Amino acid sequence: MMWPRAGLVLAAFALTAAAFAQDNVSEPDGYRTENYRAVVPATLAGARVLTTADAEAIWRAKTGVFIDVLPRAPKPKNLPEGTIWRDKPHFNIPGSVWLPDTGYGTLAAPTEDYLRQGIARASGGSKSTLLVIYCQADCWISWNAAKRVLSYGYPNVAWYPEGTDGWQWANLPLTESQPESRPGEEK
């Protein structure tokens with residue numbers, strides 16, 4: 001009667017192997033361009049990867065600038081005339097700069113300019129400023145954005161892959177935030 005036990009062992013091994021394979025996502029050569037809410041790599045070449053404890057220590061010491069790149073829900077184009085649009089409240093790590101929509105795999109030129117200018121303002125023009133880039137757990141948007149900021153010549157980039165989810169799970173404070181204005185955009 002070893003068969004039932006052997007079947008359980010094989011099933012457990014298969015589940016463990018599948019979970020291990022999921023946790024070992026490798027970095028793509030370029031940017032992720034689809035399925036942004038998926039397991040992310042454990043690394044980002046050129047960047048420091050932060051745990052929640054690391055991010056909290058930086059935040060408490062005020063030794064870095066936190067950049068939230070979570071996308072913003074667009075205003076529907078087909079709203080009937082006179083309809084009032086209200087953005088869903090967005091909460092992030094207190095003191096963060098919110099640069100939404102800047103972590104997609106491909107950026108339109110105005111969005112890329114918005115990211116470059118936002119990072120330059122947030123860093124005070126200093127390429128050596130520690131930039132902590134995040135969105136939510138299992139979200140490639142922050143991975144892409146951190147990789148892109150590295151390509152702009154900022155060497156002190158930290159990627160916080162757990163983002164606001166990890167922050168909230170640790171019972172750390174979140175605050176309502178508004179995105180940085182884009183050129184020509186009304187607030």
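Me: How many residues does helix α3 have, and what distance does it reach from its first C-alpha to its last?
Reply: The model is a predicted one. In it, helix α3 runs over residues 109–122 and has 14 residues. At 1.5 Å a residue a span of 20 Å is expected, and the helix comes close to this, reaching 20 Å.

Me: Where around the axis of α3 do its buried residues lie?
Reply: The buried residues of α3 are T111, Y114, L115, G118, I119 and A122. An α-helix has 3.6 residues a turn, so residues three or four places apart point the same way.

Me: Which residue takes a positive phi just after α3?
Reply: Helix α3 covers residues 109–122. Just after it, a positive phi of about 65° is taken by G124.

Me: Which residue has R182 over the face of its ring?
Reply: Two arginines may be described here. R148 lies over the face of Y31, at 4.1 Å from the ring centre. R182 lies at 4.0 Å from a ring centre, over the face of Y114.

Me: Are the ring planes of Y134 and Y160 stacked, edge-to-face or tilted?
Reply: The count of aromatic pairs comes to seven. Planes under 30 degrees apart count as stacked, over 60 as edge-to-face and the rest as tilted. The rings of Y134 and Y160 have centres 6.4 Å apart and planes at 55°, so the pair is tilted.

Me: How many residues apart in sequence are the parts that the pair of Y134 and Y160 ties together?
Reply: Both Y134 and Y160 are buried. Y134 lies in strand β5 (residues 131–134) and Y160 in strand β6 (residues 157–160), so the pair ties together parts whose separation in sequence is 26 residues.

Me: What is the relative accessible area of Y160?
Reply: The rings of Y160 and W167 have centres 6.4 Å apart and planes at 75°, so this pair is edge-to-face. Ring pairs link W59, F66, Y134, Y160 and W167 into a cluster. W167 counts as buried at 0% relative accessibility. Y160 is buried too, with a relative accessible area of 0%.

Definitions and conventions: Residues are numbered from 1 along each chain as its sequence is written. This is a predicted model: local features need pLDDT of at least 70, side-chain atom pairs count only at pLDDT 80 or more; totals for chains, interfaces and linings use all residues. Side-chain values use heavy atoms; hydrogens and water are left out. Rings of Phe, Tyr and Trp (its six-membered ring) pair if their centres lie within 6.5 Å; planes under 30 degrees apart count as stacked, over 60 as edge-to-face and the rest as tilted. Helices (H or I, at least four residues) and strands (E, at least two) are DSSP runs, numbered from the N terminus. Buried means under 20% relative accessible area, exposed over 50%, partly exposed in between (1.4 Å probe, protein chains only). A charge sits over a ring if NZ of Lys or CZ of Arg is within 6 Å of the ring centre and within 35 degrees of the ring normal. The expected span of a helix is 1.5 Å times one less than its number of residues.
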